[in-house]
Amino acid sequence: MTETPVTGDVTESAGGRGAEARPAPVPAPSHPAPLPGDDVIRTQGLTKRFRGGQLAVDGLDLAVPRGSVFGFLGPNGSGKTTTIRMLMGLIAPTSGVATVLGESMPQSVASVLPRVGALIEGPALYGFLSGRDNLARFDAADSTADPRTRRRRVEEALERVGLTAAAGKKARAYSLGMKQRLGLASALLQPRELLVLDEPTNGLDPQGMREIRALVREVAAEGTTVFLSSHLLDEIEHVCTHAAVMSRGRLVVQGTVAELAARAQGRLVVRTPDVAQAAEVLAAHQVADVVRGEDRVDGELGAPGDAALPKLCAALVEAGVRVHGFGLERGTLEDAFVALTGEGFDVAG
Amino acid sequence: MSQADSMSRAEALPVLSGAVTSGRRPQTAAGFLALFRNELHLTFRRMRTLVLLGILAALPILIGVIIKVNTDSPRGGGGGAPSFIAQTTQNGLFLVFTALAVALPVFLPMTVGVVAGDSVAGEAATGTLRYLLVAPAGRTRLLAAKFTAGLAFCLAATAAVAVTALATGAALFPLGKVTLLSGDTIGLGEALPRALLVAAMVALSLAGLVAIGLFVSTLTGSGIAAMATTVVLVITVQILDSFPQLDAIRPFLFTHYWLSFADLLRAPMYWDGMLKNLGLQAAYIAVFGSAAWARFSSRDISA
């Protein structure tokens with residue numbers, strides 16, 4: 001996994017605004033950059049209201065740093081796909097600006113999109129064409145793609161997603177997993193600066209999910225920025241360096257995955273048969289919210305952890321508590337989400 | 001990709017890792033035309049297109065056999081082509097004109113309606129449209145490619161009728177000197193180019209319909225709805241064209257001059273109706289082509 005050195009803090013949006021003045025998360029390049037900052041995707045007040053009056057995306061301020069694997073997280077119906085469609089120039093925003101690779105969308109579609117590979121809302125294929133011919137067609141659609149290298153690039157893309165053996169089969173005979181791979185292959189027909197993947201593991205079995213995630217890591221390691229939308233928290237935690245969380249069309253939070261997870265405060269957990277005694281000791285050492293469980297006590301560590309922990313452990317032992325286990329349980333992104341939104345993750349907006 | 005190429009790109013944009021080439025790639029003429037080629041390939045490799053062409057090709061065979069069997073009663077036949085059928089028994093070449101005259105009002109526009117009507121809507125329905133647009137195909141370019149493929153289908157469809165008609169006519173009836181509608185007689189060598197000209201006129205007569213079908217196709221996300229609308233439109237317009245009370249608008253209906261190709265079989269050829277036809281088709285292409293472009297280039301693609 002490629003961890004980018006990040007100095008940026010977690011920006012929390014109050015009413016969807018407030019992501020300005022975010023420090024660039026990667027070292028500035030030595031030569032002058034033609035891009036404003038170094039964000040591959042940047043939106044300001046991006047809003048989409050559909051004709052029916054439904055507000056799908058509301059004042060979105062998003063910043064995706066170059067080189068990151070950016071998780072775009074939210075329950076189904078929270079506005080992720082609508083945002084992606086606006087970023088790809090498929091639908092026009094009602095208000096606000098979207099910048100991709102330094103150029104505004106949807107005006108610069110022709111110069112930006114050849115450098116972007118995309119998988120949007122699942123694969124869509126010509127059932128009466130073979131997998132290979134499907135790729136050739138999508139490649140022919142890009143007027144900057146060289147027809148002389150098409151055959152080679154198609155074969156390489158097929159190889160990369162493991163579809164070489166099935167390339168001659170009609171796409172209508174493909175399983176959902178194979179279609180998903182073929183969609184991914186079409187996003188990989190060219191070296192891309194940005195890969196936008198909307199729910200890339202939808203409908204895949206665990207083995208397929210692992211393969212897709214491995215591919216995402218591989219592509220990211222080559223320097224491609226990956227923008228990955230998902231409603232699966234553990235998917236984001238597994239592959240992403242950065243994440244943003246959407247809820248009901250609004251951006252709840254964005255930052256690095258580590259920072260987000262850290263928001264869910266770790267809890268001190270002591271495993272012991274002497275529950276009552278342990279709880280007393282912990283309470284005496286400024287541990288708040290002490291909860292007694294069966295053979296375990298946990299609580300919120302008040303003081304910064306590292307220094308206090310050995311003392312606490314010693315105090316427990318001194319008090320005669322039989323300590324079977326002692327440690328901090330790290331918060332998960334899911335805890336962070338619940339803490340941030342005060343709602344469960346499965347709520348559809 | 002040449003090394004000098006990737007180096008100049010590396011200078012143009014800051015890249016974290018050298019593995020990914022970045023920056024703009026130039027658009028090439030070959031790359032631009034690739035979509036047009038691919039669109040033709042897509043149209044003519046579809047089983048549906050081949051079935052439509054097969055039906056069109058079967059039509060002249062059917063007509064030829066019927067005429068052969070009923071040589072005793074050569075009268076009859078519909079609308080604008082009674083004289084063609086009578087002539088066919090004398091000369092097989094006339095089966096080309098008979099078949100085209102029968103196919104033009106109904107069969108040809110129906111197949112063109114299917115192909116043009118489904119062109120954009122069908123891709124929207126299957127979702128492939130969004131992938132073409134993010135490739136990026138360019139909305140205007142995609143529309144132009146669809147229109148070109150539609151025109152190519154008109155040519156292929158007309159050719160399917162004309163060629164099988166010629167073959168069937170030659171097999172079932174005598175060939176030889178051709179008596180024109182004006183009574184003059186010309187040799188077969190002189191008549192064949194006229195047949196080719198007739199086929200070309202018929203194919204061009206359908207150009208306006210391609211533009212209409214394309215426009216309808218940009219309005220909906222359902223291929224079936226677009227095909228049905230286009231075909232119903234063709235039938236409705238032809239019904240309207242049969243009312244003498246509507247004389248004021250009839251000359252502006254795109255089907256009005258369709259059968260004017262018969263004037264090519266006079267000596268001298270009488271171009272008035274055909275020029276009007278071509279002008280009318282051009283006007284329909286301009287109007288509905290612009291409408292399709294205006295609609296498609298501003299539309300939210302949410303399918």
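**Where in chain B is B:Pro136 found?**

B:Pro136 is found in the loop between α7 and α8 of chain B. Helices (H or I, at least four residues) and strands (E, at least two) are DSSP runs, numbered from the N terminus.

This is a predicted model, in which local features need pLDDT of at least 70, side-chain atom pairs count only at pLDDT 80 or more, and totals for chains, interfaces and linings use all residues. Residues are numbered from 1 along each chain as its sequence is written, chains are lettered from A and ligands numbered from 1 in the order in which they are written, and side-chain values use heavy atoms, with hydrogens and water left out.

**Exercise 1. Find two cis peptide bonds and two positive phi values.**

Step 1. Start with the background: most residues other than glycine have a negative phi, and most peptide bonds are trans.

Step 2. Go to B:Pro136. The bond from B:Ala135 to B:Pro136 is cis, with omega near 0°.

Step 3. Move to chain A. The bond from A:Met105 to A:Pro106 is also cis, with omega near 5°. A:Pro106 sits in the loop between β7 (103-105) and α2 of chain A.

Step 4. Look at A:Leu101. Its phi is near 50°, a positive value in a residue other than glycine. A:Leu101 belongs to the loop between β6 (95-100) and β7 of chain A.

Step 5. Look at A:Arg248. Here too phi is positive, near 50°. A:Arg248 lies in the loop between β11 (242-247) and β12 (250-256) of chain A.

**Exercise 2. Decide for A:Leu101 and A:Arg248: buried or exposed?**

Step 1. Buried means under 20% relative accessible area, exposed over 50%, and partly exposed in between (1.4 Å probe, protein chains only).

Step 2. Apply them. A:Leu101 counts as buried because its relative accessibility is 3%. A:Arg248 has 52%, so A:Arg248 is exposed.

Step 3. Widen the view to chain A. Of its 349 residues, 55% are buried. Chain A holds eleven helices and 16 strands.

**Exercise 3. Describe the largest cavity and the second largest pocket.**

Step 1. Learn the terms. On a 1 Å grid over the protein atoms alone, a cavity is a set of points where a 1.4 Å probe fits but cannot get out. A pocket is an open set with protein on both sides within 12 Å along at least five of seven lines. Lining residues have an atom within 4 Å of a point.

Step 2. Take the cavity. The structure holds seven cavities of 30 Å³ or more. The largest has about 130 Å³ of space, where a volume is the space filled by probe spheres set on the grid points, joined across faces, edges and corners.

Step 3. Read its lining. There are 14 lining residues; A:Phe138 and B:Tyr131 are among those nearest the centre. β8(A) gives the largest share, three residues.

Step 4. Take the pocket. The second largest pocket has about 420 Å³ of space. Its lining has 29 residues, with A:Pro106 and B:Arg139 among those nearest the centre. α8(B) gives the most, three residues.
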